[in-house]
Amino acid sequence: MINLKINGIDVEAKEGSTVLDAAKEYGFDIPTLCYYPDLRINSDCRVCSVEVAGSNHLMTACSTPVKEGMEVKTNTSKVYNARKTITELILANHDTNCTTCARNLNCELQDLANTLGIEENRFEKVLEMDAVDDHNPSIYRNPNRCIKCGRCIEVCKDVEGTYVLENQGRSNEVKVAPKYGKYLSEEDCTFCGQCASVCPVAAITEKDDTQRVFDAINNPNKHVIVQVAPAIRVAIGEEFGHKSGGQWTGQLITALKRLGFDRVFDTDFTADLTIIEEGHELLERVKTGGTLPMMTSCCPGWINYAEQQHPDMLEHLSTCKSPQQMFGALAKTYYAQSSGIDPSDMYVVSIMPCTAKKYEAGREEMQSNEGMQDVDAVLTTRELAKMIRSQGINFNNLKDGEFDTPFGITTGAAAIFGATGGVMEAALRTVSEVVNEKPLEKIEFEDVRGFDGIKEATVELGGNPVKVAVAHTLKHAETLISEVKAGKSDYAFIEVMTCPGGCIGGGGQPYGTTNKKRIERIESTYRVDDSMPVRKSHENPTIQKLYDDFLEKPLGKKSHNLLHTHYHPRHKKV
Amino acid sequence: MPEQKMLTKRIGDINPLSIKDALEKGTYKQLEKALKMNRIDLIDEVEKANLRGRGGAGFPMHIKMMSTAKQESTPKYVVCNADEGEPGNFKDRYLMENDPHIILEGILIAAYATGASKGYFYIRGEYNQAISIMKWAIEEAKENGLLGTGIQGSDFDFDIEIRTGAGSYVVGEEFAMIESIEGKSGRTRVKPPFPTDEGVFGKPTLLNNVETYCNLPFIVDMGGENYSKIGTKTSTGTKLISLSGNVTNPGVYEVPFGTTVREVIEDLGGGVPNEHKIKMVQLGGACGPIIPEFMLDLQIDFERFEEFESKTGAGAIIVMDERQDLFEVLMRIVKFFQHESCGRCTPCREGHVHLEKLVHSFFKGDGNPNELYSLESLARVMHHSSLCGLGQSSPISIISSLSYFRDAFHDRMAFGGGEK
């Protein structure tokens, strides 16, 4: 342990920890702005400046390691004046129309200004308004709100390895933007939305689709149905003041019903269906010598990345649509037929933890009826929370509701889709029982659980050992891809999720998502699985009924038309 | 006090384009001697000499050398900072254009002592002639077995590559330079880790100014103890001064530490011409303090300069006579830094814009007490909390002007009764 003094108090801190950590431990809150847990520390904003004895210059608490005998002061007038001045400087170059901002009252800059007691700005406004980028269906970038903290650059570069956002120019003309000032849609953006999730202000947000959904709900001629992804139920409560690690399925359903959706369905249902189709596809590929390793295709950020960066790898992608799109396809065919509703009178909404899902829903392949998208609108967890609040629905006082039929009965296997390794585990539960023709003794596949960037496992299928791997974040996926390209990969099946921790850590999840929270949401996900009466997709009785009544058999003609898709190489625009 | 030529002794007498000439006049003799010494003993001599960095910050050279030498990670790099971008400084250019081999000899001694195998010589892009001469010198050194493998028959291998800047001032800052060498845009990094731990490509790196390296052959020659007798007790050796402005004989002068600013201006520079009077002098370059005439008896040494909270070790003296307007000078300085800020940290990126606006108010004669307060407070915050040397030192001209020429600010207030 290291001994130091903070504001005159003797403090013990772990070696290698920072002044920020040590101060926090002892009840001294140092304000920060560019600092974000899990991201590389740049100390660019300088808000966390503190005095350290022996230095005339202030030091940033986030980047200064504790040292034996160090004397730190966190609240002198020199420090306070610096923090205040720095914040005023940021505000002078920021679009401060707070009341008409998506982050009003949920903004780290606003909080900081409030904490520091800034009531007027000594500095003249120097903001020059710049054009916003709304040229894609997922992400909205407003440079006038950007405070150049660099978090989005770090997450894009360091966490995802996608290098889309960069600092452009220098001095006060610095802009955080895609290279050469292009639109996100012109660069290789996967729309994963991790940038939006770490942005402290509203410089990068999801594209707001709430009004479109309100319009549909208020249209008496529309039958509006909603599907909820597995990762929403373990996160939505955080929007209403709860700690991470809980699950709020029942309240979530009631809130959606109160919002006026005609039917509330569960994406978990089509997650089970994905497992049946994808499991059979894997077995088919193994049997017929198809392209291996097969790679999962539920994650739209990953699909975008594969199409952009690895057009020669598209054969490896499972042809299965994602659960969201399988749901959309069935909703506007099977459900429309069985309930006697014209699909053109139907409006399908998804609640997703993800911003790339907005892009996916608009893909031209996703039309089971000509000229009509299967999914009409995609909302993130944050957008849903906004709708709930705007309608005066008191989430925390809601009684538990239940999903509607026919897409309401699901399994534990589907519930874990939201966690990294979850799709793999769900698939392994089904594939092993189908191949080995006997029930698993232990259905938990511990090797594919956890927060490691790359996980692998070996399973016995028909007496043969089969290797599988799981990667979360595109940076880790890239490692597995290079192995495949180099011919060094002996995996049969690889799961890829773009966001850290999987969908529970998606770009559309509540603000303040950190790896610690991700791990808590994952634990909660496994608790949901444990509590389910059925925990294997192939044992879902409604799935069996769906095949009997409509789809006939896995990989059959109807499945092929409705549940499978294809991918396009995308050429880089230079 | 007269000049004391050591580093510049052979200049004028040596042909910079001839290694033959350099060898005949003794260059690389000290390298030969150093290569026979134990590396640690060599660093000990540098410690005894108390050599401090000549680029501005004045950091003790032996600490950097020892820290690099102790690292186990390889390869290690030596970087020579020849990006002399500070306005008012031209002494490194003088060395490069006139005696390139003394620089290479110094770099080679440092590389040997620290176990470095590769060097980068980073020259300011505008220094065309210096670039050509250094390139020529490196080629000739290679041909003569002074670069490459088995240098002077020893087992010491070292090669050096020239890198040129693209017009950015901030790449003179050590980490911005390292980023630039790596092919990235010139923006500084967070410290720690320091370059000696993780520098170029994440490897241990010794980075110093041209003039600093040039001292090493002399330390090897006379021994650390003898070297330490030059100058003052705490600031040893000589200092190259770039003298410019309203002075009869501008140029580069080499003086022992302890010489006063007045001696340099009057005895060496011949004073201000045409019976004009010195009004103010800026020390170190655009990033240094502006002092009034009555302070010119200030000694040139690290301790005195540090009292200004400034890193003026680069050694520029810019003389301005009574015809110069302080606010015109400040405007030029603040515009320069506003343009050169890399835009990474808030105080520097956003601060310069407002610094310029506030100085402009006084320049126009439109200032007011609130602006005076804001200017002072902003300049101090930028000085205290910017990430790198640029933002930390750019407000020093303003801070010092507020100390020594405060009346001038009052005179430029809209209702201050002063001249408009």
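Among contacts in chain B between residues at least 6 apart in sequence, what share joins residues at least 24 apart?

Author: The model is a predicted one, and the values below are computed from it. In chain B, 72% of the contacts between residues at least 6 apart in sequence join residues at least 24 apart. The chain has 420 residues, and 58% of them are buried.

The overall dimensions of chain B may be considered next. Its C-alpha atoms fill a box of roughly 75 × 45 × 35 Å along the principal axes. The radius of gyration of chain B is 22 Å, and this agrees with a compact globule, because a globule of 420 residues would have a value near 22 Å. In terms of secondary structure, chain B comprises 18 helices and nine strands.

The confidence of the prediction bears on how such details are read. Where pLDDT is low, predicted coordinates should not be read in detail. For chain B the mean pLDDT is 94, with 97% of the residues at 70 or more. The scores of the model are ipTM 0.93 and pTM 0.94.

One is the peptide bond between Pro192(B) and Pro193(B), which is cis, with omega about 0 degrees. Pro193(B) belongs to the loop between α8 (174-181) and β4 (205-209) of chain B. The other is Gln152(B), which is not a glycine and yet has a positive phi of about 50 degrees. This residue is located in the loop that runs between α7 (128-143) and β3 (159-164) of chain B.

Chain B has chain A as a partner. Between the two, 27 residues of chain B are in contact with 32 residues of chain A. On the chain A side, helix α2 (residues 77-92) supplies the largest share, eight residues. That side of chain A is made up of 12 nonpolar, 13 polar and seven charged residues.

A cis peptide bond leads from Leu292(A) to Pro293(A), with omega near -5 degrees. Pro293(A) is located in the loop between α8 (267-288) and β12 (294-295) of chain A. Asn7(A), a residue other than glycine, has a positive phi near 50 degrees and sits in the loop between β1 (2-6) and β2 (9-13) of chain A. There, 17 other C-beta atoms lie within 10 Å of that of Asn7(A), which is partly exposed.

A further region of chain A is built around one strand. Strand β16 (residues 464-472) of chain A pairs with strand β15 (residues 454-461) of chain A in the antiparallel sense, over eight bridges. In this pairing Glu460(A) stands opposite Pro465(A). Two residues lie between the strands of the hairpin, in which Gly462(A) has a positive phi near 55 degrees. β16(A) is also joined by five bridges to strand β17 (residues 493-497) of chain A, and these two run parallel. Here Val468(A) is placed opposite Phe493(A). With helix α15 (residues 474-485) of chain A, β16(A) and β17(A) form a right-handed β-α-β unit.

Technical notes:
Residues are numbered from 1 along each chain as its sequence is written. Chains are lettered from A and ligands numbered from 1 in the order in which they are written. This is a predicted model: local features need pLDDT of at least 70, side-chain atom pairs count only at pLDDT 80 or more; totals for chains, interfaces and linings use all residues. Two residues are in contact if their C-beta atoms, placed from the backbone, lie within 7 Å. Helices (H or I, at least four residues) and strands (E, at least two) are DSSP runs, numbered from the N terminus. Ala, Val, Leu, Ile, Met, Phe, Trp, Tyr, Cys and Pro count as nonpolar, Asp, Glu, Lys and Arg as charged, and the others, Gly among them, as polar. A residue is buried if 20 or more other C-beta atoms lie within 10 Å of its own, exposed if 12 or fewer, and partly exposed in between; C-beta atoms are placed from the backbone. pLDDT is the predictor's confidence in each residue, from 0 to 100. Two strands pair if DSSP finds at least two bridges between them. A crossover is right-handed if, with the strands pointing away from the viewer, the path from the first strand over the helix to the second runs clockwise. The radius of gyration is taken over C-alpha atoms; the globule rule is 2.2 Å times the number of residues to the power 0.38.
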